[in-house]
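Please open the model in your viewer and keep the sequence panel at hand. The stops below are arranged so that each selection leads to the next.

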There are 2 protein chains.
Amino acid sequence: MTTDSIGTLEKLDEQGRKIVFTHARTSNSFADTPVSDEELREIWELTRWTPTMANTQPARVLFVRTPEGKERLLPHIAEGNYAKTKAAPATAIIAVDKNWHELIPTVFPHNAGMKDNFDGEHAEELRLQLGSYSAALQTGAFILATRAVGLAAGPIKGYDAAGIDQEFFPDGAWTTQLVINIGHPGENPWFDRLPRVPEDIALAWA
Amino acid sequence: MTTDSIGTLEKLDEQGRKIVFTHARTSNSFADTPVSDEELREIWELTRWTPTMANTQPARVLFVRTPEGKERLLPHIAEGNYAKTKAAPATAIIAVDKNWHELIPTVFPHNAGMKDNFDGEHAEELRLQLGSYSAALQTGAFILATRAVGLAAGPIKGYDAAGIDQEFFPDGAWTTQLVINIGHPGENPWFDRLPRVPEDIALAWA
């Protein structure tokens, strides 16, 4: 961040707010305009700076964007999400690395020994719980990063996660957390905007 | 989103990417510059548009920003996070509404009956699991929204969640998920930037 002096941070301008937050929508159809691997890498380049617990960054992303990859993925997608997942030029499978603690010496070098707290089978449940939470924070950023690079994101929850894990992550190290279709919006891409939780319910003050 | 024609979305410019993603940092100290309730509401106004499962938006935010509120919060903050939490002009407690399903008729009106799938005590565990995930996606957006409005965010994990719940949410409907200090950066606010997971480990392709 550019801080010329203590206490001075810049604000995102109105146009940027629209692109990333207020006008962006979940796309429900995709055009056949291709998306390059370079564009997909650009999403990750933005996402990867977002904070996670002790910088552990447990999220992993499998980008499915070849016809062969799509053919392996589609049998595990629910009917209501099938057509748009087939049409999307790329589909990101966001997974959690169940063994994210192995990288602690790399990503948290000043306290490499923290890895020991998460070693072993008895810590598996704890690793999955903490890893899933930090990966979800990263996924929240990933969706906004997709918009930032000028692409539409369509997160879907209708799929067989165990089937995807079996097909793409047979060694069991990664586990699927969310599937996000990525591309350029197609015909009638946006449903009517749905209501937001009223502020007096969502927010409290103390 | 401004789509003049199918397939055209705008990209966030370089400056916007720096503010929200690439140059933003977790602040570890805060100046005594105040933060207004209006600024805190502005964070929420950006956050609330981010997608959640079936638009359920289970995250709730308690903004603690009065001396009385801080006095109630601080006893539940771990030693290593105490000084910065005391110094931050505002602290957001991100909570999950365990009964988010009650609002389905409001936020998902075309399928109000979906609420029934989550009714009752036997669905409590499922509600907490799904609600926690969607709330974490919202929290990922909240952190970036804080940066977008020109404020520094400092998420912390060292606190007694049960103690905070007991103090602020005694009726048991909300449960604490993350504590985020908010303000303007103080002295030496940024630690050295920590390494990111290498791309060949974080990304896979199919």
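A salt bridge here is a side-chain nitrogen of Lys or Arg within 4 Å of a carboxyl oxygen of Asp or Glu. The model is a predicted one, in which local features need pLDDT of at least 70 and side-chain atom pairs count only at pLDDT 80 or more, while totals for chains, interfaces and linings use all residues. Residues are numbered from 1 along each chain as its sequence is written, chains are lettered from A and ligands numbered from 1 in the order in which they are written, and side-chain values use heavy atoms, with hydrogens and water left out.

**Salt bridges**

Over all chains, the structure holds 18 salt bridges. Select Arg41(A) and Glu38(A), whose side chains form one of them at 3.8 Å, N to O. Both residues belong to helix α2 of chain A and are three residues apart, about one turn of the helix. Helices (H or I, at least four residues) and strands (E, at least two) are DSSP runs, numbered from the N terminus. Glu38(A) counts as exposed because its relative accessibility is 53%, and Arg41(A) is partly exposed at 28%. For these classes, buried means under 20% relative accessible area, exposed over 50%, and partly exposed in between (1.4 Å probe, protein chains only).

Next, select Arg41(B) and Glu199(A), which meet in a salt bridge of 2.7 Å, N to O. This pair crosses between chains, from helix α2 (residues 37-47) of chain B to helix α8 (residues 199-202) of chain A. Arg41(B) is partly exposed, with a relative accessible area of 27%, and Glu199(A) is also partly exposed, at 37%.

Move to Arg65(A) and Asp37(A), where the N to O distance of the salt bridge is 2.8 Å. The two residues are 28 residues apart and link distant parts of the chain: Arg65(A) sits in the loop between β1 (59-64) and α3 (67-73) of chain A, and Asp37(A) in helix α2 (residues 37-47) of chain A. Arg65(A) is partly exposed at 25% relative accessibility, as is Asp37(A) at 28%.

**Strand β2 of chain B**

Select residues 90-97 of chain B, which make up strand β2; eight of its eight residues are buried. In a regular strand the side chains alternate between the two faces of the sheet. Here Ala90(B), Ala92(B), Ile94(B) and Val96(B) point one way, whereas Thr91(B), Ile93(B), Ala95(B) and Asp97(B) point the other way.

Which strands pair with β2(B)? Strand β1 (residues 59-64) of chain B runs antiparallel to β2(B) and is joined to it by six bridges. Strand β4 (residues 174-183) of chain B is also antiparallel to β2(B), over eight bridges. Two strands pair if DSSP finds at least two bridges between them. Centre the view on Ile93(B): Leu62(B) stands opposite, and Val179(B) is its bridge partner in β4(B).

**Positive phi angles**

Select Gln57(A), a residue other than glycine with a positive phi of about 45°. Gln57(A) is in the loop between α2 and β1 of chain A, and it counts as buried because its relative accessibility is 3%.

Finish at Ala54(B), which is not a glycine and has a positive phi near 50°. Ala54(B) is placed in the loop between α2 and β1 of chain B and is partly exposed at 21% relative accessibility.
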